[in-house]
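I'd like to walk you through one protein model, one piece at a time.

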Amino acid sequence: MFEKSITKMRLSDLMKATNAFSKNNIIGSGRTRTMYKAVLEDGTPLMVKRLQDSQRSEKEFLSEMATLGSVKHRNLVPLLGFCVAKTERLLVYRDMPNGTLNDQLHPADDSGKDMEWSLRLKIAIGAARGFAWLHHNCNPRIIHRNISSKCILLDADFEPKISDFGLARLMNPIDTHLSTFVNGEFGDLGYVAPEYARTLVATPKGDIYSFGTVLLELVTGEKPTHVSKAPESFKGNLVEWVTQQSSSGQLQDAIDKSLLGKGVDNELFQFIKVACNCVLPAPKERPTMFEVYQFLRAIGERYHFTVEDEILMPSEDTAADFIEELIVAREVKGNN
């Protein structure tokens with residue numbers, strides 16, 4: 001099953017593997033899905049994602065499965081199987097033993113030691129490689145729309161694997177790569193680009209903003225919506241706080257103290273500057289995902305994290321980019 005294309009699986013087998021979707025088996029949930037840990041009869045550990053309120057017909061869902069099953073990259077969570085039974089829509093993934101990046105950075109009980117800088121950098125580079133591949137090397141390209149530290153999973157070697165790509169397409173039957181979000185379903189608090197409130201259009205630059213927030217999480221150790229180091233009077237989110245620190249010349253104070261003074265301060269400053277460029281208010285001023293990947297690769301050059309399947313250089317100015325920017329510009333103009 002691990003080597004073949006995705007497999008159609010029986011509901012009864014997945015019910016048994018998840019202990020009838022027991023609450024004790026839940027390892028993550030969002031507004032549109034719940035993820036369960038599952039163990040097959042032969043002992044194989046899996047993850048099962050149960051979609052809520054998918055608007056796709058069975059035929060449409062099967063078509064999407066054929067597409068998603070063909071999207072394979074070392075930094076994407078492998079989709080192994082699926083199940084369609086009446087209203088149930090289930091996706092089956094390979095198990096990721098180290099949970100999400102969010103789990104590692106912000107453990108629920110505040111236990112656990114601080115993550116080393118080299119590991120944080122490895123995760124950032126691997127995730128950027130995966131997102132760059134979705135943006136630049138898929139045809140048609142895939143805009144993730146829901147990037148957060150919860151969608152970056154970690155395997156046994158802490159290699160990052162992106163989940164939830166293509167999820168928006170499964171939930172929304174009227175969809176193109178320029179489609180609107182579905183009633184605000186996509187985008188966790190603290191990660192959504194500011195222009196979304198005006199345009200309601202998913203764009204690659206919106207993904208860049210969300211990924212920039214993840215990069216800020218990695219280098220500051222702070223949560224996207226609550227900054228523990230900020231004074232009580234500060235009511236903003238992580239991006240706003242780092243922007244404030246930057247404009248007052250105190251960017252060093254934003255960096256996780258556990259990382260400073262260990263011979264990597266120069267890398268930390270380069271990294272936080274890349275993150276700040278990703279969350280610039282104007283979408284056009286943000287880099288592309290390919291550029292973000294290249295910047296991070298350069299910072300981590302001495303660690304030899306790079307692998308053979310590098311991202312192909314995207315064309316300078318694709319028609320898709322032009323159309324997206326034109327549509328966003330028109331939306332903004334219409335709303336102003």
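Let me start with a question: how many of the seven residues of β6 are buried? Six of the seven are, so β6 is largely enclosed by the rest of the structure. Buried here means under 20% relative accessible area, exposed means over 50%, and partly exposed is in between, with a 1.4 Å probe and protein chains only.

Before we go on, a word on the source. This is a predicted model, where local features need pLDDT of at least 70 and side-chain atom pairs count only at pLDDT 80 or more, while totals for chains, interfaces and linings use all residues. Residues are numbered from 1 along each chain as its sequence is written, and side-chain values use heavy atoms, with hydrogens and water left out.

Now the overall picture. The chain has eleven helices and eight strands; these are DSSP runs numbered from the N terminus, helices being H or I with at least four residues and strands E with at least two. Of its 336 residues, 52% count as buried.

Back to the sheet. Strands of a sheet pair through backbone hydrogen bonds, either parallel or antiparallel. In this work, two strands pair if DSSP finds at least two bridges between them. Six strands make an open sheet here, in the order β1-β5-β6-β4-β3-β2, with mixed pairing. At the edges sit β1 (7-8) and β2 (26-29), each of which pairs on one side only.

Let's follow β6 to its partners. On one side, β5 (residues 79-85) and β6 (residues 88-94) run antiparallel and are joined by six bridges. You can find glycine 81 bridged to valine 92 of β6, cysteine 83 bridged to leucine 90, and valine 84 standing opposite arginine 89. The hairpin of these two strands has two residues between them, and lysine 86 there takes a positive phi near 55°. Strand β4 is also antiparallel to β6, through five bridges, and methionine 47 stands opposite tyrosine 93 in β6.

What about β5, how many of its seven residues are buried? Seven of the seven, so β5 too is largely enclosed by the rest of the structure. It also pairs with β1, this time in the parallel sense, over two bridges. There, threonine 7 has glycine 81 of β5 as its bridge partner. Lying across β1, β4 (45-51), β5 and β6 is helix α2 (residues 58-70), which runs at about 175° to β5.

Next, the inside. A nonpolar core is a set of buried Ala, Val, Leu, Ile, Met, Phe, Trp, Tyr and Cys residues joined through side-chain atoms within 4.5 Å. The largest one has 76 residues, and Phe131, Phe211, Leu215, Phe271 and Leu296 touch the most other members. Helix α4 (residues 117-137) gives the most to this core, eleven residues. Apart from it lies another core of 14 residues, among them Tyr36, Ala38, Leu80 and Cys83.

Now for a pair of helices. Helix α9 (residues 265-278) and helix α10 (residues 289-299) pack at about 175°, with axes 10 Å apart. The axes are lines fitted to C-alpha atoms, for helices over the stretch in contact, and angles run from 0 to 180 degrees between N-to-C directions. The two helices are therefore roughly antiparallel, a label for angles over 145 degrees, while under 35 is roughly parallel, 65 to 115 roughly perpendicular and the rest oblique.

In the loop between α9 and α10 you will find lysine 284. Is it buried or exposed? Lysine 284 counts as exposed, because its relative accessibility is 65%. Its C-alpha atom is 7.6 Å from that of lysine 205, 79 residues apart along the chain.

For contrast, please find glutamate 159, in the loop between β7 (152-154) and β8 (160-162). This residue counts as buried, because its relative accessibility is 11%. Its side chain makes a polar contact of 3.1 Å with that of arginine 74. A polar contact is a pair of N or O atoms within 3.5 Å; within protein, one must be able to donate a hydrogen and the other to accept it, and residues adjacent in sequence count only if both atoms are side-chain atoms. Leaving aside neighbours within four places in sequence, glutamate 159 has contacts (heavy atoms within 4.5 Å) that include Lys122, Gly126 and Arg129.

That's my tour, thank you!
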